[in-house]
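Hello,

Here is the structure for your files.

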Amino acid sequence: MGVPDAVRPKGLFNSIKFFVFCHSLLQLSQLLVSGYMKSSISTIERRYGLSSQKSGLLAAFNEVGNTVLIVFVSFFGSRVHRPRFIGGGALLAGVASLMMATPHFLSGKYDYGDDISSSSDNSSGLCQSESSSAAPLSNQSCQQQESPAQQVAYPLLLLAQLLLGVASVPIQPFGISYIDDHASRRNSPLYLGILLAVTSIGPAFGFITGSFMQRFYVDFDKLTKDQITLDSKDLRWVGAWWLGFLVASCLLFITAMPYFFFPRTMTREDSADNVESKPDSKQQTKPLQELSLLQFLKSFPRIALRTLRTPVYLLVVLAQVNLAALLSGLATFMAKFIENQFSQTTSFSTMMIGGVGIPMAVVGTVLGGALMRRFNLSVSGSSKLCTAAILLGMFFAMPMLLIGCPTQTVAGVFPPGTGALSCSSDCRCPQEAFNPVCGSDGVEFRSPCHAGCSSVQIDANNKVTNYTECRCVGGLGFALPGTCGSGCSHLLKPFMVLLALTSFIAAFSQTPSYMMILRSVPPEDKSLAVGVQYMLFRVLAFMPGPVLYGSVIDTTCILWGRKCGKTTSCQYYNLDRFRERFLGLQVVFVCGGLLCFLLTVVVLRRRAGRPELQPENNGGYELVNEHKATDDNKEKSSEI
């Protein structure tokens, strides 16, 4: 234990390659929780009656704790045992993941409204001239809805998300800086590309896990198989959203263990090639390490401003902020968009994101890092690669705005202005009823009661086959359980092809943009630059992004659900508005990122004739100061 790091024997825990492997597994597990949360957002929304704005806030709330503490990463990054802090954060993330599943065990059974097959007289939810028996059932349901366990579910989910954000503070910034400090200049882009690619698989696994878990009914642990009457195609279906969080917490506990065995520092790869820069870096970071915490907090605004005044750094970070805002909306609500736009189940929609969109982005990220290493791209070359990738990605993204179908006809709901149905006015249908049926004439109704159906046919498994004697349905006068759908399911394939191509091409910019940030600031500001970058990500993209997307989606709702006199989640959307506003907002962010990368190219062209852009001997490129000496920090700051 007393052996200095410099003379430690080369072993598994003194290898930066093994650290990259362990960190990839940890971030895969951590981001599995994040991806699983986003894959389950529409299910949680339906289970607890949330609006898209509230579910967006829930998805973004982990960024609150992260943003508050991310500043301290820059201060403690060079003076603490980074691997141990990473391990501690992983353990806290495991605890928070367990908390995410807690509301399920505190809440009662899921009440989805009029359950015909469980009624003793099989008349619940049908058109009845006298329905005095509905009141006691409604009151009983309201008592369960207003129970303390039900009311505490949303705040408990918010608290768990807050802890997940706190837990993630040291993981990625400390990991990236640790790798960049101990990897060779030539291998650093490759390691970073591998890390970003493997960690991108984390959300993919989260979505795939979510797709699998949502095939199980939410209360399968509380009900027998015969008591579960819904299937996954029913709009009221809620999957076992809580199960994946239990799995993820176990993975986080396991992947946290190796970090407590890594040394604080290790021998750098190809140290002979980096011997010139290493002492210089130590000399430059020494004054920062001598600052106290109070002095650091006082000087942080000045140091951050100095970093942000680096034009290349500022423009690249702003471009990443635009793309991060786009990603926050796509990851949180794209599965919901596919579910509504193309009449797919929640499980299948989630699988499309985790099985197609994210893997294509992973491949693009790996190839972006490989291109940088193969051609030894400079900061200028990286900016051109990013610009070309975003421009080509936007070319494939634009046609997605045109792929879709209008909203299906829903009697009394859409098209607007149809008003209440006179044919079922004497049925005394409860306003809260939601059990969609599709009439034989192709018109959808909110419930069998609204369709004027007075009888029902049930098979041997006690499941509804169809409703008959429906006075509001034309033609044969019967209705089938379930929605009629938008009629757009055949357009899902071309939509997913365009989405996959867009994800693949745009992901080429990820690794080059990260390397541009690391190479555009002085070595002593590297940790702080990463900290400021992630702080801006949270404040400008990951925190407001899901809430903004959720608010935009809520404006397209044409029928809100109601339970016990309170508004719950949306039941029907105007699909044209949903498509135009949801995808249109993403186009806006793509254009913002493209503009920032174009400006970066312009700035670097102006600098092309200056000596501050110099290739290093080992093939990497770095923006360095004209004056290497660091005795005059003010002169260096104004030069940056």
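C127 and C427 are both buried. They are joined by a disulfide, S to S 1.7 Å. This is a predicted model. The link of C127 and C427 is left-handed, with -75° about the S-S bond. C127 sits in the loop between α5 (82-106) and α6 (134-145), and C427 in the loop between α16 (379-397) and β1 (437-439), so the bond ties together parts 300 residues apart in sequence.

The whole structure holds seven disulfides. Two others from the search are described here.

C405 pairs with C488, with 1.9 Å between the sulfur atoms. The link of C405 and C488 is right-handed, at 130° about the S-S bond. C405 is in the loop between α16 and β1, while C488 is in the loop between β5 (479-481) and α17 (492-506), so the pair connects parts 83 residues apart in sequence. C405 and C488 are buried.

C429 is bonded to C449, S to S 2.0 Å. The link of C429 and C449 is left-handed, with -95° about the S-S bond. C429 lies in the loop between α16 and β1, and C449 in the loop between β2 (444-445) and β3 (453-458), so this pair ties parts 20 residues apart in sequence. C429 counts as buried because its relative accessibility is 14%, under the 20% cut-off. C449 is buried too, at 3% relative accessible area.

Two further cysteines: C22 counts as buried at 6% relative accessibility, and C386 is buried at 0% relative accessible area.

Best wishes

Definitions and conventions: Residues are numbered from 1 along each chain as its sequence is written. This is a predicted model: local features need pLDDT of at least 70, side-chain atom pairs count only at pLDDT 80 or more; totals for chains, interfaces and linings use all residues. Side-chain values use heavy atoms; hydrogens and water are left out. A disulfide is a pair of cysteine sulfur atoms within 2.5 Å. Helices (H or I, at least four residues) and strands (E, at least two) are DSSP runs, numbered from the N terminus. Buried means under 20% relative accessible area, exposed over 50%, partly exposed in between (1.4 Å probe, protein chains only).
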